[in-house]
Amino acid sequence: MPGARAPAAGGGPAPRRVWCEWAWTGAGDGSPEYGVLVETAGGRITAVSPGAVAPAGAETLTGLTLPGLANAHSHAFHRALRGRTHTGGGSFWTWREAMYRVADRLDPDTYLRLARAAYAEMALAGVTCVGEFHYLHHAPGGTRYADPNAMGAALVRAAAEAGLRITLLDVCYLSGGLDPGGAHRPLEGAQRRFGDGDAARWADRAAGFTPVGDHALAGAAVHSVRAVPAAQLPDVVAYAADRHAPLHAHLSEQPAENAACLAAYGRTPARVLDDAGALTPRTSLVHATHLTDDDVGAVRLSGATVCLCPTTERDLADGLPRTGDLLPAPITLGTDQHAQLDLFEEARAVELHERLRTHRRGTLGTGALLRAATAHGHASLGWEDAGALRAGARADLVNIPLDGVRLAGADPARAADAVVFAASAADVRHVMADGRWTVRDGVHTLVPDTAHELDTVIKEIH
Ligand SMILES: [Zn+2]
């Protein structure tokens with residue numbers, strides 16, 4: 001694998017002093033602070049000192065510096081669909097058929113290379129942690145690999161080689177869907193690769209996997225009420241509870257899911273999850289687009305997080321979530337199918353789509369959107385100690401200078417507003433994850449020709 005290099009082992013990263021011209025610490029809500037000295041050792045921040053004069057020997061970051069960004073909802077293999085599925089009409093359901101065709105062509109080797117390149121693209125966009133919603137478990141036809149977690153292991157290794165942390169959300173996926181009459185269909189075609197038979201066998205396989213590396217955590221997921229019958233949900237919920245692990249689930253992405261769920265159970269998907277004990281403070285509900293008032297109340301009461309993926313939701317014509325109604329539920333961000341890979345676009349779209357829905361501006365300000373992209377995202381993936389510029393936190397830094405064409409002329413004291421509402425992933429210049437530089441001057445330090453690697457593996461798959 002040309003260019004592949006695992007992060008240096010042992011000893012931890014060297015101590016560093018980084019002086020940030022402007023840095024967002026959250027202390028001023030959406031406003032950055034000037035002259036912030038960040039000191040790190042062993043992959044942790046040891047001190048954050050605003051109003052500091054740059055000491056001799058410190059590295060200097062101009063423009064704005066943020067904590068690491070968390071991409072809370074990813075399907076790495078969907079990156080192979082970019083630019084190939086967005087036109088020509090169709091629906092979520094026809095898009096899904098195209099996605100299945102890619103899923104059918106992957107094996108542990110190609111998935112490692114595809115995910116490594118996709119994660120390297122994430123790192124270039126400022127992402128220091130990914131939540132991988134992983135259901136491509138088995139070989140074509142559903143045969144188990146010799147190592148039944150070979151595909152998950154490939155994803156964990158891919159993240160290490162791309163220099164970011166991963167929470168591998170092992171997805172329970174048992175059924176091919178709920179038909180309009182309310183019956184669960186068996187897995188068919190490419191879906192056979194996703195299934196373990198029942199939740200108990202899913203749990204056995206998932207429990208047999210311990211991710212290698214201190215960059216990785218394991219979590220659990222319910223694909224959706226379409227893919228997991230209600231009677232199977234308690235096993236998944238118990239598995240996550242026993243491990244105090246994150247539990248993620250797709251929820252009410254499409255009206256057809258709600259209609260079929262009502263036909264099957266006489267209850268909404270949110271109620272089915274709630275009745276199974278799946279709505280907890282460790283839970284992330286992905287999309288949560290078509291919710292009733294009762295659903296919204298249940299989500300708010302539970303303390304669950306809502307993970308929004310606006311660039312995917314608009315591409316798939318899902319609809320607009322009731323974002324403002326769901327507050328104060330923590331909001332997180334995911335690039336999901338990676339039609340775009342830009343956390344700034346996801347962040348501003350949460351607020352801008354809410355403006356379209358409500359005809360009002362300012363439901364979420366810059367501070368709230370940055371918390372979604374940083375601390376809330378990391379916490380939803382089990383990394384409570386990341387996503388903030390404070391002593392003790394993981395040493396993640398994302399630097400965005402203000403000298404590019406998109407940000408030139410911005411008021412530096414309002415740099416966070418400018419970045420959230422006008423920057424693109426291409427404006428990210430330097431990224432540190434766990435005390436190591438993963439991106440310098442816009443180039444990935446471990447995967448220097450990320451575009452070439454993406455191009456090679458994606459064309460190989462197609
Ligand atoms: Zn998804």
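Where is the place of His359? His359 sits in the loop between helix 11 and helix 12. Here helices (H or I, at least four residues) and strands (E, at least two) are DSSP runs, numbered from the N terminus.

Before going on, note that this is a predicted model, in which local features need pLDDT of at least 70, side-chain atom pairs count only at pLDDT 80 or more, and totals for chains, interfaces and linings use all residues. Residues are numbered from 1 along each chain as its sequence is written.

His359 has a phi near 65 degrees, a positive value in a residue other than glycine. His338, in the loop between strand 14 and helix 11, also has a positive phi, of about 60 degrees. Most residues other than glycine have a negative phi, and most peptide bonds are trans. Are these two histidines buried or exposed? A residue is buried if 20 or more other C-beta atoms lie within 10 Å of its own, exposed if 12 or fewer, and partly exposed in between, with C-beta atoms placed from the backbone. The table gives the answer, along with Ala153, which lies in helix 3 (residues 150-162).

| Residue | Other C-beta atoms within 10 Å | State |
|---|---|---|
| His338 | 24 C-beta atoms | buried |
| His359 | 7 C-beta atoms | exposed |
| Ala153 | 20 C-beta atoms | buried |

Pro328 brings in a cis peptide bond: this bond joins Leu327 and Pro328, with omega about 15 degrees. Pro328 is in the loop between helix 10 (323-326) and strand 14 (331-333).

**Helix 2 against helix 3**

Helix 2 (residues 108-124) packs on helix 3 at an angle of about 35 degrees, with the axes 8 Å apart. Axes are lines fitted to C-alpha atoms, for helices over the stretch in contact, and angles run from 0 to 180 degrees between N-to-C directions. Among the residues that meet are Tyr111 and Leu112 in helix 2, and Met151 and Leu155 in helix 3; contact means C-beta atoms, placed from the backbone, within 7 Å.

**An enclosed strand**

Strand 5 (residues 69-74) has six of its six residues buried, so this strand is largely enclosed by the rest of the structure. Strand 5 pairs with strand 6 (residues 127-134) in the parallel sense over four bridges; two strands pair if DSSP finds at least two bridges between them.

How values were computed: Contact = placed C-beta atoms within 7 Å.
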